[in-house]
Amino acid sequence: MSDLSLERLVNATLLVPFPGAAAPRWVLEGLERGVSGVTLFAINGNVPGAGELAALTARMRQVADPLVTIDEEGGDVTRLAHETGSPYPGSAALGALDDPAVTRRVHRSLGAELRGAGVNFDFAPSADVNTSDDNPVIGTRAFGSDPELVARHITAAVSGLQEAGIAACAKHFPGHGATSQDSHLEIPTVDADLPLLERREMVPFRAAIEAGVQSVMTAHIRVPALTGAAPATFSSAAIDGLLRGTLGYQGVVVTDALDMRAASGAMGIPEAAVRAIEAGADLLCLGSKEFEDSVQAIRERIMEAVREGRLSGERLERSAERVAALRAWLAVPRTAEVDRSVGLEAARRAVRVTGSPSVSASPLVLELQAPSNIAVGPVPWGFSPWVPDTVPVDAESADPGELLARATGRPLVIVVRDAHRYAGHRTLVSALTAARADAVVVEMGLPVWRPESSAYVATYGATRANARAAAEVIGLVGEETEAGGPITSSEAG
């Protein structure tokens with residue numbers, strides 16, 4: 001095999017990132033030499049607005065036909081709406097609603113928005129069964145904790161995205177929902193035997209495969225009964241054995257980002273790339289900051305592994321064939337319309353209310369600040385688009401007496417996000433509601449914990465649509481509809 005042929009085979013495994021709103025020359029040249037595609041990141045400035053994104057993708061298509069991938073789950077994990085919050089509720093809200101037809105409509109509209117911006121491959125939906133309340137990275141990204149419910153909505157989400165011409169990606173195989181660690185930071189362990197994996201984690205992945213999902217993403221998690229000491233991304237037992245063998249999946253396997261510590265922290269990204277291909281991965285999501293020099297180092301390390309006999313050319317050829325089949329699927333014309341009204345409709349129907357949460361004019365809205373995990377990123381959330389004088393509160397340093405004094409003579413609304421994960425938040429909320437039995441508590445994460453309060457609103461997500469729906473329930477705003485059309489960075493307030 002010539003070096004040029006080998007380089008093209010290696011390039012076919014790569015999904016590269018880049019900085020800015022225009023593809024650099026090294027990216028365009030790489031696409032001409034067979035690089036499979038790119039991964040877009042809001043934190044890299046790749047998504048300043050829908051118009052700019054469409055121009056960016058159109059420019060790349062002048063030199064090649066790339067896979068243009070993005071991590072757009074709708075819900076709390078959004079790249080298209082990273083400046084405003086998503087107009088679509090996320091998986092937890094859709095699971096709480098449990099209307100698969102609505103889930104399908106939401107994802108078809110989301111897919112239409114992606115297609116309109118030139119994206120053709122979405123790293124969504126999450127097929128994880130979120131059985132750990134303390135899960136720091138999945139949470140509202142999962143449809144729920146019941147495998148059959150998750151399977152129903154995975155089928156609907158995959159169908160909706162792919163009806164819009166977007167290749168869906170079921171993640172994070174073999175299931176990130178039973179973890180209490182974040183794989184961005186460390187290697188989580190799922191202590192489950194194979195029968196438990198089969199009746200819990202595998203149920204949604206089987207559903208995704210039956211729905212014709214075009215790709216599956218591996219997780220950087222350790223399942224000792226399946227993967228031994230290695231993360232699933234580096235486990236042939238997980239990929240070639242369980243996924244391709246037992247489950248019969250024959251499509252594209254893509255890694256989660258290889259810059260995550262659970263993948264490359266101990267060995268570096270070039271070596272992680274080789275190990276992932278050895279295990280059966282077809283496409284490598286490199287991460288957000290692996291630019292020209294890093295991509296070249298990864299390319300050279302994979303080529304070296306082939307020359308050493310560690311990887312075979314046939315192994316790379318099989319991956320190239322799977323990627324080519326994905327491209328052929330994408331080439332079939334499919335159309336769908338943007339329908340943002342379904343997002344607000346679903347968010348409204350997902351809200352769960354206890355007591356009488358309606359408040360009169362001029363409430364004091366306190367928003368307890370919760371850190372976003374790395375997957376979510378710095379996306380705005382909460383009531384400030386409708387209540388501009390919303391007060392951000394650091395629960396660890398706040399004085400309950402001072403906050404209560406500010407609320408004298410005014411209705412009190414306390415907004416939290418995953419309060420069950422933060423002892424300081426629970427302590428502060430309990431103190432406030434003990435003094436103000438009329439206070440309204442709004443939970444914009446998972447409603448695992450609630451105070452002894454007479455009025456409680458659960459949204460199952462912190463998107464713009466979730467916040468709007470909650471604001472309507474409380475009486476902060478009247479009902480309105482969300483217009484269609486692509487998201488732009490100016491759509492705030």
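**Entry 1: glycine 445**

I began with glycine 445, which counts as buried because its relative accessibility is 0%, below the 20% limit that I use for that term. I note here that the model is predicted. I located glycine 445 in the loop between strand E13 (440–443) and strand E14 (455–458). I then listed its contacts, leaving aside neighbours within four places in sequence: Thr140, Val416, Arg417, Asp418, Tyr460 and Gly461.

**Entry 2: aspartate 122**

I turned to aspartate 122, which belongs to strand E4 (residues 121–122). Which side chain of opposite charge is nearest to aspartate 122? I found lysine 171, at 6.7 Å. Aspartate 122 is buried and has no salt bridge, since a salt bridge would require a distance within 4 Å. Its side chain does reach the backbone nitrogen of glutamate 72, at 3.0 Å. Not counting residues up to four places away in sequence, I recorded that aspartate 122 touches Ile70, Asp71, Glu72, Leu114, Leu161, Ile166, Ala167, Ala168 and Cys169.

**Entry 3: helix H2**

I examined helix H2 (residues 25–32) and noted its buried residues: Trp26, Val27, Leu28, Gly30 and Leu31. What do the buried residues of H2 pack against? I found strand E1 (14–16), strand E2 (37–40), helix H3 (50–60) and helix H13 (292–307). After H2 comes glycine 34, whose phi is positive, near 100 degrees.

**Entry 4: the annotated domain**

I consulted the UniProt record, an unreviewed entry, which places the feature "domain: Glycoside hydrolase family 3 N-terminal" at residues 34–325. In the model, this span is 43% helix and 9% strand, and its end C-alpha atoms lie 15 Å apart.

I recalled a general point: in soluble globular proteins, nonpolar side chains tend to be buried together. The largest nonpolar core here has 89 residues, of which Val16, Leu40, Phe173, Leu284 and Ile302 touch the most other members. Helix H12 (residues 269–279) supplies the largest share of this core, seven residues. Apart from this core lies another, of 24 residues, including Ala455, Ala462, Ala465 and Val477.

I followed up valine 16. Leaving aside neighbours within four places in sequence, valine 16 is in contact with Trp26, Val27, Val35, Gly37, Val38, Thr39, Leu286 and Val295.

How values were computed
Residues numbered from 1 in each chain as written. Predicted model: local features only at pLDDT ≥ 70, side-chain atom pairs only at ≥ 80, totals over all residues. Heavy atoms only, no water. Helix = DSSP H or I, 4+ residues; strand = E, 2+ residues; numbered from the N terminus. Buried < 20%, exposed > 50% of the residue type's maximum accessible area, 1.4 Å probe, protein only. Lys, Arg positive; Asp, Glu negative; His and termini not counted. Polar contact = N/O pair within 3.5 Å; in protein donor to acceptor, adjacent residues only side chain to side chain. Contact = heavy atoms within 4.5 Å. UniProt positions renumbered as here; feature names shortened; annotations may be inferred. Core = buried A, V, L, I, M, F, W, Y, C linked by side-chain atoms within 4.5 Å.
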